[in-house]
Structure formats: structure tokens, C-alpha cells
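Welcome! Please take a moment to look over the sequence and the 3D view below, and then we will walk through the fold together.

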Amino acid sequence: MAGHILVVDDEKLIRWSLRERLTADGYLVSEAADGAAARGLAESEAFDLALLDLRLPDTDGLTLFGELHALQPDMPVIMITAFSSVEGAVEAIKRGAADYLTKPFNMDELAICVDKAIRTQALQNRVSSEVDEKKARFGLSNIVGETAEVLRLRDLIGRVAQSETTSVLLLGESGTGKDMVARALHYESARVDKPFVDITCTALPESLLESELFGYEKGAFTDAKKRKKGLFEVANEGTVFLDEIGDMATSLQSKLLRVLDERSFRRVGGTTDIAVDVRVIAATNRDLDEAIRQGRFREDLYYRLSTVPIVVPPLRERRDDIPVLAEHFLRVYNAEFHREFRGLTPGALRRIRDYEWPGNVRELRNAIERAVLLGSGDELGLDEIVLGRSSLRSTRASNESVARLPKQGCDLGEVEKTLIAQALARTGGNRTQAADLLGLSRDQIRYKIAKHGLDA
Ligand SMILES: Nc1ncnc2c1ncn2[C@@H]1O[C@H](COP(=O)(O)OP(=O)(O)OP(=O)(O)O)[C@@H](O)[C@H]1O
Ligand SMILES: [Mg+2]
């Protein structure tokens, strides 16, 4: 593996022999005879590795190591030392040097040592760029919203993420973003490079869920042909996300409580305790108080889990986020489906803002996805935004404020005709906008205009 190496040694002959060997191995080599020269080079160029003599004319190697390390924290440093001063090298290792070699050293040994240090660093760089990538994909910045509720939520997640062992209970209706919050908690924490393991407690029957969570020993039951690790073991040092915890069987709830209390568990059929270090995040869209009253959920587990309860509010309680989220999903799906919708028509915006969103953000996301996929023109209108069953009811001014049935009755057809005529007048004859105002599709208004002879 090639790279750029800084050689710091006051002995010319040693620098020369190092350069000979390292260039032959394909490295680019820069030389410094003292601390000042080494600092100068490290300030202006990035190196993949430094070979640093512990004894230098103008500074001691340990001090210089500290300075180089501060300048280029990701650059591995191999200390070179006389046999008599190994303590200095050991001290450098404690402070983060990659390795040390004692003089006189064998060139092959040196080459192996250099190669190993560079490879190890490359691996670390890769891990940390993967971590950055995951953070970007799952971290806090993905939680879209500008209302006070969401600001508070993001702030809370940021703080709770730091306290890495605290259990978290996520409460909120379906589709509010609990999964997302669980991931953000993991990827914003120091556990970020360890596993995030999630399981939906309703997905499996009780006994399977148990062996899934805790693993089993060979022979624990008929099909247990060999030992299997459970999720708690796999997730060691990471996070376990138990979704739909409200539906977990009470016998498993007790076992979970034990993991939380004692930080250890037993495999199914096992006799030894296995210690684990995991953060448990649980979520439910159920009313746990009710479940506790009915004896379906253990109160002690509830208290154990809810050290930090995080409530993810329903979308209808943060309506100002609806247009913000709609725009976010519009961008996402524009990109995905290669479309270029500029936005939503005012009528469509009004409708989504007033709608109740029983399916919360998930429903909004689906509505926008469908609209972008099937829509035409450059804005998404009421035709494209299809909402749940009773979409019109909540989005329009109520019928009462529009019209009151007169005592003597009225001609509904005439009322319809008048309203359509008014809508057309207001929009300068633009049928799409008129349809939008009335909560009709373009096809519907076209039909009604013809029916009432308004197109004459
Ligand atoms: N604040 C948000 N910003 C961006 N996307 C969001 C936000 N909240 C939720 N979503 C998206 O909405 C969808 C539903 O969210 P999620 O799966 O986290 O909900 P949930 O609360 O876990 O639902 P359930 O209770 O049904 O499991 C996901 O696609 C998620 O990415
Ligand atoms: Mg979920």
C-alpha cells in the first residue's frame, strides 16, 4: 500500500537507508533532520505515516510526537529508539503512537511495521467514513420539522443520545416517527459504530421471540442443533430497539426487566449468565397505562423503561410542519421519480394543512409519493393529493358557514351552479384553480361546468 511518509531522524545515514528502502517499496518519502523541519513539513503537507526518532538535536521525540499528533491526528507515528531508551517509546505508544522499533532494526521488519500501520489507519478511516455516512442518513438532521414540538424533540434526542446506557421509551401514534427517533438516538450516540438491532415484538410468537432475543444453547429444544446468539448478544455495545413493546408477552417482559436491571441474561437452555452492555430503546403506539391496568404490561418494566419517555407528537398537533414535511417529501420523490414538481397548489396545501392525518407522517409521505408518481403539470393539486376516506370533511369551510338551508328549501343544482360560477369568476376562468377551491377534481368540474351550461 503506497503513501507519503515523513522520516524524522538527525542521522543522515539512517534517513538515507530508510529512503532507499521505502521508495523501493513504492512510498513517497520526505525527510526532516530535526523537530523544526518536521513541524514545518507536517504543517504544510498531509502524511500517511511518520517515522520519528526519539532523540533529536532541537527537541525530544516525545514532545515532537505530541505536536505532530496534534497537527495530524490521523497520521500513524512509528517511534525509532535506541535500545537503552525504550521507556520513551512506550510512553509515546501510551499517548497514541502506532508502534516503535529499536535501533538497529532490520529493514524487512521496518517495512512490515510501516505497511501494517498504514493499513490499520486506512481501515480506521473507512470505518469513520462509514460512521459519518450513517450519521448523515439516520442522524438528527433527518428529522424534518420546524415547530416548537419538533425542535424540542430534536433537542431531547441529542441530549438523551449522550447518556448511553439510559433506557428510552418512545410513545406516539403510528407513523409519527418513532423508528426514526430510535435510529437517531443510536447514530448520534457514542455507540454509533456498534450494532443497531431492531425487532418487532409482534412479528414472532412468544417462544420464537425469546430465542431470537436471548439466543439458545445446543439442545435447548428439538430444533436447536447448535448454539445461537440472540439479539442482545449480537448488539453488545450497541443498541437494541424493541418495537411494539406494548404487545410483548408478560413472561418475556420479566426476562427483559432482568436484562435491564442486571445487564446480563441467559440463553434459552443455558445455565451461565452472559453480561451485555446494550442500550434498550422500546416503542409503542399503545396506551401503556391501559395495558398496565389490564395486567398485560408489567408496571415495574414500564418504570424501568421510562427513565426517559419521549413522546412523538401526532402530526395534527404540529400542523405548521405539514407544509415543511410535504415539501421535504416532494424533493425526495421528485429526485426518486425524476420529476420536477415545484410545489403544491394553494388549495392542495390548504387541504393537507387542515386534514387530520390519522396515519401521521407516514400517511403524508405516502400521499406525496403517490401524487408525485401519478401527477402531471408542474404543481400538485387536489386531483393528485388523495387523502384518507373522509378527506373533504375536515378540509373545507364547514357547510354551515357556506350555506344554510332556507325554510322554504332550495334548488341544490342552482346552488352548485352559483358556487361554480363564483369560483370560475374568482379564478379568472381557470378550471384547475376553480376545482381546487371547491374540492373537486378537474374531471368533476369539467363535467359540472358542462352540465350547468357554464362553458357557453
Ligand atoms: N420528522 C420527520 N421527518 C422526516 N420523515 C419523517 C419524520 N417523521 C416520520 N417520518 C417518516 O415517516 C415514516 C413513518 O415513520 P416511522 O416508521 O418512524 O413511524 P413509527 O412511529 O415508527 O410508526 P409505527 O408506530 O407504525 O411503527 C417513515 O418513512 C419516516 O421516515
Ligand atoms: Mg415503527
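Two strands count as paired if DSSP finds at least two bridges between them. With that in mind, we can turn to the model, which is a predicted one.

## How confident is the prediction?

Across the protein chain, pLDDT averages 90, and 96% of the residues score at least 70. One stretch to treat with care is residues 390–395, where pLDDT stays under 50. For this stretch the model has 10 contacts beyond four places in sequence.

## A sheet built from S7, S10, S13, S6 and S14

Here five strands form an open sheet with parallel pairing, and their order is S7-S10-S13-S6-S14. At the edges are strand S7 (196–200) and strand S14 (308–311), each of which pairs on one side only. On average, neighbouring strands of this sheet are turned by 20° against each other, direction ignored.

Let us look inside this sheet. Strand S10 (residues 239–243) pairs with strand S13 (residues 279–284) in the parallel sense, over four bridges. Opposite threonine 239 stands arginine 279 in S13.

## A sheet built from S2, S1, S3, S4 and S5

Another open sheet has five strands in the order S2-S1-S3-S4-S5, with parallel pairing. Its edge strands, pairing on one side only, are strand S2 (28–32) and strand S5 (99–103). From one strand to the next, the twist averages 20°.

Which residue in S2 is the bridge partner of histidine 4? The partner is leucine 28.

Helix H4 (residues 86–94) lies across strand S4 (77–82) and S5, and runs at about 165° to S4.

## Where two helices meet

In general, a pair of packed helices is described by the angle between their axes and the distance between the axes. Helix H6 (residues 148–162) and helix H7 (residues 178–187) pack at an angle of about 45°, and their axes are 8 Å apart. That angle makes H6 oblique to H7. The crossing of H6 and H7 is right-handed.

Which residues of H6 and H7 meet? Ile157, Val160 and Ala161 in H6 meet Val181, Ala184 and Leu185 in H7. By class, this contact of H6 with H7 has six nonpolar residues, with no polar and no charged ones.

Notes
Residues numbered from 1 in each chain as written. Chains lettered and ligands numbered in written order. Predicted model: local features only at pLDDT ≥ 70, side-chain atom pairs only at ≥ 80, totals over all residues. Helix = DSSP H or I, 4+ residues; strand = E, 2+ residues; numbered from the N terminus. Axes fitted to C-alpha atoms, helices over the stretch in contact; angles between N-to-C directions. Contact = placed C-beta atoms within 7 Å. Parallel < 35°, antiparallel > 145°, perpendicular 65-115°, else oblique. Left-handed = near helix turned anticlockwise from the far one by under 90°. Nonpolar A, V, L, I, M, F, W, Y, C, P; charged D, E, K, R; others polar. pLDDT = per-residue confidence, 0-100.
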